[in-house]
Number of protein chains: 2
Amino acid sequence: MPITIYDVAREAGVSMATVSRVVNGNPNVKPTTRKKVLAAIEQLGYRPNAVARGLASKRTTTVGVIIPDISSAFFAELARGIDDIASMYKYNIILSDSDQRLERELHLTNTLLEKQVDGIIFMGREITENHMEVFTTAAVPIVLAGTKDPTGQLPSVDISHFEAGYDATKFLINAGHTRIAMVTGPLGDPLAGMRRFEGYKKALDEAGLSMKDSYVYNGNLRYESGIKAVKQFLSLVERPTAIFAASDEMAVGVIHGIQDSGLRVPDDMEVVGFDNIRLAEMVRPRLTTVVQPMYDIGAVAMRLLTKYMNNEKVENHIVILPHRIEERESTKKIETTI
Amino acid sequence: MPITIYDVAREAGVSMATVSRVVNGNPNVKPTTRKKVLAAIEQLGYRPNAVARGLASKRTTTVGVIIPDISSAFFAELARGIDDIASMYKYNIILSDSDQRLERELHLTNTLLEKQVDGIIFMGREITENHMEVFTTAAVPIVLAGTKDPTGQLPSVDISHFEAGYDATKFLINAGHTRIAMVTGPLGDPLAGMRRFEGYKKALDEAGLSMKDSYVYNGNLRYESGIKAVKQFLSLVERPTAIFAASDEMAVGVIHGIQDSGLRVPDDMEVVGFDNIRLAEMVRPRLTTVVQPMYDIGAVAMRLLTKYMNNEKVENHIVILPHRIEERESTKKIETTI
DNA sequence: CGACTAGGTGCAATCGTTTTCAGCTATTCT
DNA sequence: AGAATAGCTGAAAACGATTGCACCTAGTCG
């Protein structure tokens with residue numbers, strides 16, 4: 001039989017209300033009383049029941065997190081950012097993998113809402129009308145991390161995938177390349193897939209280079225896609241001289257594919273990745289990549305959520321974090337003319 | 001104002017008790033009544049309050065998970081196994097990073113207990129008396145995943161680190177090596193650190209090879225440790241011909257360190273890793289490594305926990321999962337004499 | 001045909017807190 | 001000195017479900 005607040009009250013010779021005040025740090029308690037209560041708590045080994053508290057106070061200090069796949073390096077890093085800030089603000093996190101399956105995403109959202117979380121952080125790819133429908137029934141704030149809703153209604157934290165794709169391609173163009181291939185993410189993914197690809201196209205277009213379909217391989221962001229993409233590119237009569245991959249995993253696959261065929265990176269082909277997961281530094285040559293501040297996206301999203309949960313004023317509900325290109329050895333140093 | 005069970009009862013013209021029965025799938029409800037209630041629920045958009053339910057039923061269908069670092073590939077994979085099985089059994093997971101700091105581990109345990117989780121899965125390295133003290137105050141079952149308590153009281157799921165370390169070393173010995181170095185994990189870690197190292201020593205000992213201190217580098221399981229370890233080994237007059245690293249990250253660091261110095265793997269030096277994280281396949285040469293069934297450790301631990309939570313009989317409270325060596329290209333193919 | 005049984009339902013207590021409100025004491029102000 | 005105020009405290013009503021128990025209706029059995 002667990003110790004309740006009532007037991008403590010009896011032991012300390014006060015009312016439950018007073019015990020509650022002590023536990024919650026309410027200043028309106030005489031120091032001597034506080035001491036008595038604390039002693040009773042200690043003596044009895046009292047542990048407040050957060051479920052009862054949640055029911056009475058209507059706050060659970062718990063937030064829900066929906067994540068496509070926690071075993072992916074990218075999302076794990078985001079999750080870490082979320083968890084750190086959450087714990088800083090004394091929140092706990094209910095974490096669930098959605099596998100990016102719509103049905104599961106919606107079901108999880110409902111479950112979290114039933115559990116009375118104080119807020120939700122959602123990671124995924126596409127935000128459909130189905131999502132919006134469920135999200136709008138929520139009485140608590142929802143923040144998107146690493147994605148963005150097309151209507152721009154929901155608060156979100158992300159980078160500009162379009163500009164990032166553009167910058168990466170432009171980087172290769174500036175290095176003098178004219179035959180630049182791309183390994184895209186799934187085009188069904190509006191951001192990591194489509195927008196990065198659109199950035200690529202825009203950069204080519206601006207440079208007066210026409211996009212060739214044979215220079216585009218539609219991957220799934222995983223390592224194996226990179227290997228396969230290279231196979232396609234190397235079979236071409238006019239091979240590309242540079243490859244931009246929409247994820248680091250694919251980029252590393254690309255590097256290995258190139259090396260396996262006896263060519264060298266960056267001498268024969270240059271490669272640029274995307275994300276800057278730790279893997280980017282654990283490959284030879286180390287990968288030049290678009291740095292996405294994954295940890296920060298998670299952290300900022302969580303911070304944003306706390307503001308909503310506390311009814312604080314929020315100036316911008318859509319946050320775009322900066323990206324940049326980290327040059328390593330998978331591309332050649334560009335000569336800077338002075 | 002959210003819809004409560006009472007609103008549904010009124011709308012359907014029945015009592016709260018009946019609504020509760022319908023919601024919980026209690027068979028003692030006339031089909032026509034059930035239909036009415038379901039209609040009312042649908043119409044009102046009723047969402048049961050799990051907090052209230054938790055208070056009344058004393059079950060939250062939530063389990064706590066304490067993890068050292070979710071952004072580590074190893075633990076993320078474990079977490080995935082846990083989450084998959086949890087969701088299969090309709091449990092949600094409260095996930096928190098401990099950073100392996102004792103104080104935080106204990107604090108998190110208490111917080112989870114306050115939140116009335118139905119059970120806890122604990123991942124970490126050392127299980128001290130402090131842990132035991134807190135764990136025994138818990139009214140709910142606690143299962144260790146990827147670790148084991150020295151007293152053998154707590155249920156746990158893990159591999160035999162000692163045997164795995166032994167096998168890896170033996171593998172190298174069988175390949176004809178006599179100068180075998182090891183990059184260990186932190187020796188303060190009794191399992192991934194100490195036990196694997198002890199396995200290494202035993203294998204050497206059995207083979208009549210004496211262990212040399214200069215052939216042992218005390219790493220931290222991270223990539224950089226591997227690089228540094230190689231520096232030490234290569235500075236020796238009598239260099240090792242094979243290196244066993246206690247983690248894949250370190251092993252990849254070792255490979256790159258070797259390559260950076262102009263030597264080749266496996267021709268000049270062979271390398272064996274530990275864990276079999278995805279990285280092991282995303283490096284050239286691909287890494288021969290001790291396969292640890294990370295996902296399964298998580299999954300089995302969660303499954304075990306469900307048994308305890310349902311008061312099912314459990315035959316073995318300590319589960320040792322099998323490990324094996326996956327041969328890839330960082331070691332030479334052993335000639336099998338027929 | 002009367003007595004049981006079983007299915008279906010509602011009443012009301014309970015879970016362990018928070019929180020409003022009122023009341024009491026002791027102090028401060030005029 | 002009397003009134004007003006500030007600081008502490010307790011009583012009791014929520015919070016929104018679950019669940020044991022009693023009750024009622026039909027159907028079944030001998």
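Student: Which strands form the open sheet in chain A, and in what order?
Tutor: Keep in mind that this is a predicted model. Six strands of chain A make up the open sheet, and their order is β7-β6-β8-β9-β10-β12. The pairing is mixed.

Student: Which strands are at the edges?
Tutor: Those are β7 (216-218) and β12 (324-326) of chain A, each of which pairs on one side only.

Student: And by how many degrees are neighbouring strands turned against each other?
Tutor: On average by 20°, with direction ignored.

Student: How many bridges join β10 to β12 in chain A?
Tutor: There are three bridges between β10 (residues 288-291) and β12(A), and the two strands run antiparallel. As one example, A:V290 has A:I325 of β12(A) as its bridge partner.

Student: OK, on to the helices. Which strands does α9 of chain A lie across?
Tutor: Helix α9 (residues 190-206) of chain A lies across β6 (180-184), β7, β8 (242-245) and β9 (270-275) of that chain. Relative to β6(A), α9 runs at about 170°.

Student: What does α10 of chain A touch?
Tutor: Helix α10 (residues 223-234) of chain A packs on the sheet and touches β6, β7 and β8 of chain A. The direction of α10 makes about 145° with that of β7(A).

Student: Switching to chain B: at what angle do α1 and α3 cross?
Tutor: The axes of α1 (residues 5-12) and α3 (residues 31-44) of chain B cross at roughly 125° and come within 9 Å. The two helices are therefore oblique to each other.

Student: Is that crossing left-handed or right-handed?
Tutor: The crossing of α1(B) and α3(B) is right-handed.

Student: Which residues make the contact?
Tutor: From α1(B) come B:D7, B:V8, B:E11 and B:A12, while α3(B) supplies B:K36, B:V37, B:A40, B:I41, B:Q43 and B:L44. The residues of this contact divide into six nonpolar, one polar and three charged.

Conventions: Residues are numbered from 1 along each chain as its sequence is written. Chains are lettered from A and ligands numbered from 1 in the order in which they are written. This is a predicted model: local features need pLDDT of at least 70, side-chain atom pairs count only at pLDDT 80 or more; totals for chains, interfaces and linings use all residues. Side-chain values use heavy atoms; hydrogens and water are left out. Axes are lines fitted to C-alpha atoms, for helices over the stretch in contact, and angles run from 0 to 180 degrees between N-to-C directions. Helices (H or I, at least four residues) and strands (E, at least two) are DSSP runs, numbered from the N terminus. Angles under 35 degrees count as roughly parallel, over 145 as roughly antiparallel, 65 to 115 as roughly perpendicular and the rest as oblique. A crossing is left-handed if the near helix is turned anticlockwise from the far one by less than a right angle, and right-handed if clockwise. Contact means heavy atoms within 4.5 Å. Ala, Val, Leu, Ile, Met, Phe, Trp, Tyr, Cys and Pro count as nonpolar, Asp, Glu, Lys and Arg as charged, and the others, Gly among them, as polar. Two strands pair if DSSP finds at least two bridges between them.
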